[in-house]
Amino acid sequence: MTLVAKELTVERLRDLVQDAHLSFLFGAGASAPMFRLLGDIENLLTSLDSSDAAEDAKAFARGSIYSGFFRSVVLKNNDLLDRSGTEAPQLLERYEAFLQTINRLLLERRSSLLNKQVNLFTTNVDLATEIAAESLQVHLNDGFGGRLRPRFSTSNFGSVVSRRSLQYDNLSEVPAFNLLKLHGSVGWSATGEKASRPEIGLDTHLRQVAAVAEELDKVDALLTEVAAETTLETLLEGPVSSDAAALLSPFLDAYSELAIVNPTKAKFQQTVLNQNYYDVLRLFSNELEKENSALFVIGFSCRDEHIRELIIRAARTNPTLQIVIFAYSPHAATEIEQAFDGYPITNSNIWLIAPPADAEGEEPLRYDLATVTSEFFAKVAPSSSAPRQSVEVKFSLQEPLVDLDD
């Protein structure tokens, strides 16, 4: 047993959030169910990369896998931008509740030695955090600098934001969220001549997403739906057109222009080869190496090997680091334990927090983003309506110093 499974009390959580450098790691589960969980897509793409099948069959299989991922994850961000449908508003409300809660925690930090910043690391490529932060008008640092042509640089992280009072000239730090996207974003665009380090710009109107959707519509009838039980052998068997590679080339080329890391086992090599992604991973590692740091993991299965390795290494080398992993369900907790199996955690500083086993006749409890916010962090955050301090004023009736009748 490598993980410490125990109850996370309110007192223990309050100490962590008040006395530690705070970081969060969001996985696909944080944005579910609006966005599809990866499931077996990663294994399908990894096996496909090493397959010796014909090019037409491989193009058909790759196009079908990318098509499913694109429509269920990438394209749905248009709904987020428009707040349309039923899923988008619900997801944004969950992210807004989380940001509001953490913002209150940062405002009331009892230690003046710690800054009022929190790092939000995410493997998700959606825009939920950005849209929620803009709606709340909280300060979000996404790594982009510049106004007319914003460009991404990790050097933009770490800046302290302060505000000066107009009346009394007081200077106070403003709570800030650093958003670091480990696998890129649908709202990024890759430009520049150097393939190993392209410039990352903002694509707030999702023009590249629209370009991919246009090409996909032309060839969608050639592709097949990829279900949870779909195997690579089934995909490679067809029905495959004899000129599938040529027909699907425009769609696959357009898809490759998205500034996201594809869900394959080779994504570690992809992140290392692309210096921008490597720099974000380096920042993730650096934050875990800081003294008195805390990392809260939500909606992350821990199956991403390169991220799991960074977590384990930091837990070994930094005994002051505390890592709290919220498992979505008891079954998810078992899978997370298996992911860490064989890695001795010598400092016992990785906590696994799982909901209780399902009771017959009762609604099962699940630790999704909304529940973790309400059942854990909201309980240690000051109420937004409560006054920061109370002042006791006592009145006493005394004899007047001057007789008013004289």
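What follows is a short exchange of questions and answers.

Modeller: This is a predicted model, in which local features need pLDDT of at least 70, side-chain atom pairs count only at pLDDT 80 or more, and totals for chains, interfaces and linings use all residues. Residues are numbered from 1 along each chain as its sequence is written, and side-chain values use heavy atoms, with hydrogens and water left out.

Colleague: What percentage of the residues in the protein chain is buried?

Modeller: Buried means under 20% relative accessible area, exposed over 50%, and partly exposed in between, with a 1.4 Å probe and protein chains only. The protein chain has 406 residues. Of these, the buried share is 46%.

Colleague: Which residues have the most contacts inside the largest nonpolar core?

Modeller: A nonpolar core is a set of buried Ala, Val, Leu, Ile, Met, Phe, Trp, Tyr and Cys residues joined through side-chain atoms within 4.5 Å. The largest one has 78 residues. Those with the most contacts inside it are Phe24, Phe296, Phe326 and Phe377.

Colleague: How many residues does the other core have, the one with Leu3 and Phe284?

Modeller: That core lies apart from the largest one. Among its residues are Leu3, Leu180, Val280 and Phe284. Its count is 40 residues.

Colleague: Where on helix 2 do the buried residues fall?

Modeller: Helices (H or I, at least four residues) and strands (E, at least two) are DSSP runs, numbered from the N terminus. In helix 2, residues 41-49, the buried ones are Ile41, Glu42, Leu44, Leu45 and Leu48. Seen down the axis, they fall within an arc of 165° (taken from the directions from the helix axis to the C-beta atoms), so they line one face of the helix.

Colleague: Is Thr122 buried or exposed?

Modeller: Thr122 is in strand 3, residues 117-122. A polar atom of its side chain lies 2.9 Å from the backbone nitrogen of Asn124. The relative accessible area of Thr122 is 5%, so Thr122 is buried.

Colleague: Which residues line the largest cavity?

Modeller: A cavity is a set of points on a 1 Å grid over the protein atoms alone where a 1.4 Å probe fits but cannot get out, and lining residues have an atom within 4 Å of a point. The largest cavity holds about 40 Å³ of space. Its lining is Phe26, Tyr95, Thr122, Asn124, Asp126, Thr129, Glu130 and Lys181.

Colleague: How far apart in space are Glu257 and Val212?

Modeller: Glu257 is in the loop between helix 9 (244-256) and strand 12 (258-260). Glu257 and Val212 are 45 residues apart in sequence. C-alpha to C-alpha, the distance is 8.8 Å.

Terms used. A polar contact is a pair of N or O atoms within 3.5 Å; within protein, one must be able to donate a hydrogen and the other to accept it, and residues adjacent in sequence count only if both atoms are side-chain atoms. On a 1 Å grid over the protein atoms alone, a cavity is a set of points where a 1.4 Å probe fits but cannot get out, and a pocket is an open set with protein on both sides within 12 Å along at least five of seven lines; lining residues have an atom within 4 Å of a point. Grid points are joined across faces, edges and corners, and a volume is the space filled by probe spheres set on the points.
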